[in-house]
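Here are my notes from going through the model, as promised. Have it open while you read.

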Amino acid sequence: MKKEEKQDFTLRITQANPTQLVVILYEMLLCYLEDAVQALAEGGEPSGEPDGFREAVRKARGCLNELIASLHMEHEPAPALMQLYLFCIRRLALGEQRRDSEILGEVGRVIEPLCDAYRKLAELNDAGPVMRNSQTVYAGLTYGRTTLTENMADQGTNRGMFA
């Protein structure tokens, strides 16, 4: 994941409601899957040393673990989503073991429709951001035609938490 993508995800997380957070996790998972496939295409190291491929798969697995932790099993469709997430974790493990991008593609094909469905749900959710007391970010084109500058406002001492 590129630095700009990390910054974008970070900004979106600070402003997201609960449904949007799930969408962000799905998007991060898909991004890490792309990174893993790209690392394989570039001929990632088959040695025991950690390489870009293994790191991307590890981070994708972390996203799936967060999605599992966010499930409320007393509500539908949480049990079905749990089964899909567990399937994806097993496929990630097999894809990592075999260093097979096709198996990683299967995970992406399971996650993409879920991501699209949650995007539609996020449009209907009018709840406020989960993070309270976070920095306000104003973005605009300043100091040139093509440069985007983000200005932070309200940079208090207790950003993101109440002290």
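The points below cover a helix and its ends, an aromatic cluster and a loop serine.

1. Ground rules. This is a predicted model, so local features need pLDDT of at least 70, side-chain atom pairs count only at pLDDT 80 or more, and totals for chains, interfaces and linings use all residues. Residues are numbered from 1 along each chain as its sequence is written, and side-chain values use heavy atoms, with hydrogens and water left out.

2. Helix α2. This one covers residues 18-41; helices here are DSSP runs of H or I with at least four residues, numbered from the N terminus. The 24 residues of α2 should span 34 Å at 1.5 Å a residue, and the end C-alpha atoms are 35 Å apart, which agrees. The expected span is 1.5 Å times one less than the number of residues.

3. The ends of α2. N17 caps the N-terminal end, with a side-chain oxygen 3.0 Å from the backbone nitrogen of T19. After the helix comes G43, and its phi is positive, near 80 degrees.

4. T19. This residue sits in α2 and is buried, with a relative accessible area of 14%; buried means under 20%, exposed over 50% and partly exposed in between, using a 1.4 Å probe and protein chains only. Setting aside neighbours within four places in sequence, T19 is in contact with Y118, L121, A122 and N125, where contact means heavy atoms within 4.5 Å.

5. The aromatics. There are two aromatic pairs in the structure. In one of them, Y26 and Y85 are tilted, at 6.4 Å centre to centre and 55 degrees between the planes. That pair links distant parts of the chain, with Y26 in helix α2 and Y85 in helix α4, 59 residues apart. Rings of Phe, Tyr and Trp (its six-membered ring) pair if their centres lie within 6.5 Å; planes under 30 degrees apart are stacked, over 60 edge-to-face and the rest tilted.

6. Are Y26 and Y85 buried or exposed? Y26 is buried at 0% relative accessible area, and Y85 counts as buried at 2%. Ring pairs join Y26, Y85 and Y118 into a cluster, and Y118 also turns up among the contacts of T19.

7. S70. Look in the loop between α3 (52-69) and α4 (78-98). S70 counts as partly exposed because its relative accessibility is 34%. The S70 side chain reaches the backbone oxygen of L67 at 2.8 Å. From S70 to P18 is 52 residues in sequence and 9.6 Å in space, C-alpha to C-alpha.

Note on methods:
Helices (H or I, at least four residues) and strands (E, at least two) are DSSP runs, numbered from the N terminus. A polar contact is a pair of N or O atoms within 3.5 Å; within protein, one must be able to donate a hydrogen and the other to accept it, and residues adjacent in sequence count only if both atoms are side-chain atoms.
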